[in-house]
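Visitor: Could you walk me through this fold and its pockets?
Guide: Gladly, let's look at it together.

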Amino acid sequence: MTAPLICYAHVSKSFADGAGARVVAVDDVSLDVADGEFLAIVGSSGSGKTTLLRLANRLTDADAGTVTIEGEDVRNIDPVGLRRRIGYVFQSGGLFPHMSVADNIGITPRLLGWPAGRIASRVAELLALVRLDGDGHRHRMPHELSGGQRQRVGVARALAAEPRIVLMDEPFGALDPLTRDALGEDYRSLHRQLGLTTVMITHDMTEALLLADRIAVMRGGKLLALGRPAELAESRDAYVLELLRTPRRQAERINTLLPGAGAA
């Protein structure tokens with residue numbers, strides 16, 4: 001059996017609140033992510049999903065338990081080096097405002113010492129992959145881009161150093177519905193095309209159902225359920241079932257308001 005690419009084993013993490021008390025963000029979570037898998041982690045604000053994601057590239061460190069990447073305990077890996085080999089997509093793109101599109105995309109390869117010619121070739125390749133015209137966008141500054149364009153550049157930057165793993169923190173949440181849907185589908189295609197392993201944080205169960213292979217549901221720092229959509233539907237947890245009812249109710253309302261909307 002192939003070893004998981006990412007493994008959380010009995011991982012816990014807490015933080016001090018403003019009054020000095022400890023707040024548990026991740027509570028004894030065990031979770032494996034297979035090579036090539038697209039996993040969505042779903043939960044409301046404060047569920048611990050973003051903290052769990054950040055433990056994988058040591059943006060924060062676990063208090064207990066073990067996180068391994070490609071079989072290696074992350075505590076034994078230099079955090080800067082670890083982050084340079086894992087792609088990370090922020091909610092708003094997270095672009096450096098003083099850098100052009102090309103410089104934003106090329107920053108990690110440059111830090112890794114790639115020659116200028118290889119970086120320029122990679123930037124051109126990635127702009128094409130994320131459906132941005134190279135001549136029209138490579139020299140633009142982030143403030144000259146639309147929200148969807150900034151997020152496409154953010155995806156390109158995450159892929160620049162040819163990582164096997166991409167972590168995504170609410171990557172499409174700030175976009176309008178049409179852009180969000182198109183970019184989600186485009187990223188899913190890239191995930192397959194490039195053979196990536198993706199972990200995506202989202203609060204939107206519909207998005208998780210449409211994009212991910214498996215879905216992890218978190219609440220209060222605990223992992224409540226994990227599985228494919230049909231497996232989650234067999235859960236007896238009330239919160240999990242409520243999350244699944246929401247997209248069903250939305251679909252029913254849309255079909256009522258727009259008769260024939262579901263027809264081919």
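**Sheet, helix and pockets**

Guide: Strand 1 (residues 6-16) pairs with strand 2 in the antiparallel sense over eight bridges. Please keep in mind that this is a predicted model.

Visitor: Which residue in strand 2 does Val-11 stand opposite?
Guide: Strands 1 and 2 are antiparallel partners. In strand 2, the residue opposite Val-11 is Val-29.

Visitor: In what order do the four strands of the open sheet come?
Guide: The pairing in this sheet is antiparallel. Strand 2 (22-33) and strand 5 (72-73) each have a single partner strand, so they stand at the edges, with one side left without a neighbour in the sheet. Reading across the four strands, the order is 2-1-4-5.

Visitor: Helix 1 packs on the sheet, but what angle does its direction make with that of strand 1?
Guide: Helix 1 covers residues 49-56 and touches strand 1, strand 2 and strand 4 (64-69). Its direction and that of strand 1 make an angle of about 120°.

Visitor: Does Arg-58 count as buried or exposed?
Guide: Arg-58 sits in the loop between helix 1 and strand 4. Leaving aside residues up to four places away in sequence, Arg-58 touches Val-74, Arg-75, Ile-77, Pro-79, Leu-82 and Arg-83. Buried means under 20% relative accessible area. Because its relative accessibility is 16%, Arg-58 counts as buried.

Visitor: Which residues lie nearest the centre of the largest pocket?
Guide: This pocket holds about 430 Å³ of space. Helix 2 (79-84), strand 6 (86-89), helix 3 (101-111) and helix 6 (147-159) are the elements that give two or more residues to its lining. There are 19 lining residues, and those nearest the centre are Arg-83, Ile-86, Tyr-88, Phe-90 and Thr-108.

Visitor: How many residues in the lining of the largest pocket are charged?
Guide: The lining of the largest pocket includes ten nonpolar residues and five polar ones. The charged residues there number four.

Visitor: Which helix gives the largest share of the lining of the second largest pocket?
Guide: The second largest pocket has about 240 Å³ of space. Among the residues that line it are Phe-172, Pro-177, Arg-180, Asp-204 and Leu-211. Helix 7 (177-194) and helix 8 (205-211) each supply at least two residues of this lining. The largest share, six residues, comes from helix 7.

Visitor: And how many residues in the lining of the second largest pocket are charged?
Guide: Two residues of this lining are polar, and five are nonpolar. The number of charged residues is five.

Note on methods. Residues numbered from 1 in each chain as written. Predicted model: local features only at pLDDT ≥ 70, side-chain atom pairs only at ≥ 80, totals over all residues. Heavy atoms only, no water. Pairing = 2+ DSSP bridges. Contact = heavy atoms within 4.5 Å. Axes fitted to C-alpha atoms, helices over the stretch in contact; angles between N-to-C directions. Buried < 20%, exposed > 50% of the residue type's maximum accessible area, 1.4 Å probe, protein only. 1 Å grid on protein atoms, 1.4 Å probe; cavity = no way out; pocket = protein on both sides within 12 Å on 5 of 7 lines; lining within 4 Å. Points joined across faces, edges and corners; volume = space filled by probe spheres on them. Nonpolar A, V, L, I, M, F, W, Y, C, P; charged D, E, K, R; others polar.
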